[in-house]
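Come along while I look things up.

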Amino acid sequence: MSEILPMRTETAQVHLGAIALDKAYRKGQHRVPVLRGVDVSIGRGEFLSIVGQSGSGKSTLLHLLGLLDTPDMGEVRLEGQRIDDLPQTTRDELRNRIFGFVFQFYHLLPELTLLENVITPLLIRCSPLEYWRQRKNFRSQAMEVLEKMGLAHRIHHRPSELSGGEMQRAAIARALIGKPEVLLADEPTGNLDARTGQEIIDLLSELNEREKLTIIMVTHDDSIARQAERIVRLSEGRIQALEEAA
Ligand SMILES: Nc1ncnc2c1ncn2[C@@H]1O[C@H](COP(=O)(O)OP(=O)(O)OP(=O)(O)O)[C@@H](O)[C@H]1O
């Protein structure tokens with residue numbers, strides 16, 4: 001078994017780790033390797049970026065770490081425990097409890113208001129009866145997190161009525177409402193202009209610093225990647241370099 005790459009500080013606790021991850025996709029008769037023996041470890045409260053050219057396997061790695069997909073070989077571990085081989089329902093539950101996801105194109109539900117969009121992860125977690133009992137509490141949690149994202153004045157708006165930056169802040173609010181331990185962000189600035197993109201990165205940095213939220217962010221943009229504490233550079237499915245940001 002290959003060794004996990006060193007973390008930012010020796011004392012940091014390994015929170016989430018990948019050991020010798022291999023992943024390939026089928027294209028017709030062919031098997032196309034995408035990740036080849038990737039090892040990485042992420043300490044609690046760390047802000048890590050995964051950078052690399054298009055097709056280098058960044059999103060695939062993020063999906064494996066967040067239990068959205070399974071590796072062909074290797075392991076994903078949370079607090080030292082293997083989690084990639086758990087039964088599907090356990091994986092689903094764990095994913096819902098541990099991870100918050102933010103995507104390039106927001107993935108907000110267009111027919112719902114922001115408040116309703118943000119409540120959705122809580123709805124998925126409980127039975128209809130529990131949801132009905134807790135609905136006022138859930139609503140106030142959603143209001144609180146939307147307020148924190150500067151969207152208090154937009155709670156009854158639908159996504160189509162918002163700017164790109166506002167939609168991404170709403171998507172972050174939705175990712176945060178379940179109090180995740182790890183936020184996984186796939187090209188969170190990819191659909192935004194430079195200034196709005198920077199505002200989103202500032203927001204993520206603040207969440208990381210103030211709330212000690214672990215953040216793993218995929219980007220193809222070096223200037224964005226350097227704003228994390230540590231950079232994993234992928235090339236053709238392998239870790240080419242592991243860098244401390246300046
Ligand atoms: N579900 C899939 N089925 C088949 N091939 C896939 C699938 N997902 C990704 N791939 C292929 O795997 C390779 C790596 O994809 P991945 O999305 O992980 O790269 P990436 O570095 O995130 O690229 P980008 O920056 O363009 O999003 C690409 O060649 C892609 O076409």
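Here are my entries, one topic at a time.

**Ground rules.** I am working with a predicted model, where local features need pLDDT of at least 70, side-chain atom pairs count only at pLDDT 80 or more, and totals for chains, interfaces and linings use all residues. I number residues from 1 along each chain as its sequence is written.

**The record.** I checked UniProt, whose unreviewed entry places the feature "domain: ABC transporter" at residues 19-245; such annotations may be inferred rather than shown by experiment. Over residues 19-245 I find 38% helix and 29% strand, taking helices (H or I, at least four residues) and strands (E, at least two) as DSSP runs numbered from the N terminus. The end C-alpha atoms of this stretch are 23 Å apart.

**The sheet.** In what order do the 6 strands of the open sheet run? I read E6-E7-E8-E3-E9-E10, with mixed pairing; two strands pair if DSSP finds at least two bridges between them. Strand E6 (99-103) and strand E10 (238-244) stand at the edges with a single partner strand each, so one side of each has no neighbour in the sheet. On average, neighbouring strands are turned by 15 degrees against each other, direction ignored. E6 pairs with strand E7 (residues 182-186) in the parallel sense over 5 bridges, and I noted Ala185 in E7 as the bridge partner of Val102.

**A helix on the sheet.** Helix H6 (residues 194-211) packs on the sheet and touches strand E3 (47-51), E7 and strand E8 (214-219); contact means C-beta atoms, placed from the backbone, within 7 Å. The direction of H6 makes about 155 degrees with that of E8, on a scale from 0 to 180 degrees between N-to-C directions, with axes fitted to C-alpha atoms, for helices over the stretch in contact.

**Two helices crossing.** I looked up helix H3 (residues 114-125) and helix H5 (residues 164-176), whose axes come within 7 Å and cross at roughly 35 degrees. Leu114, Asn117, Val118, Thr120 and Pro121 of H3 meet Ala170, Ala173 and Arg174 of H5.

Notes:
Two residues are in contact if their C-beta atoms, placed from the backbone, lie within 7 Å.
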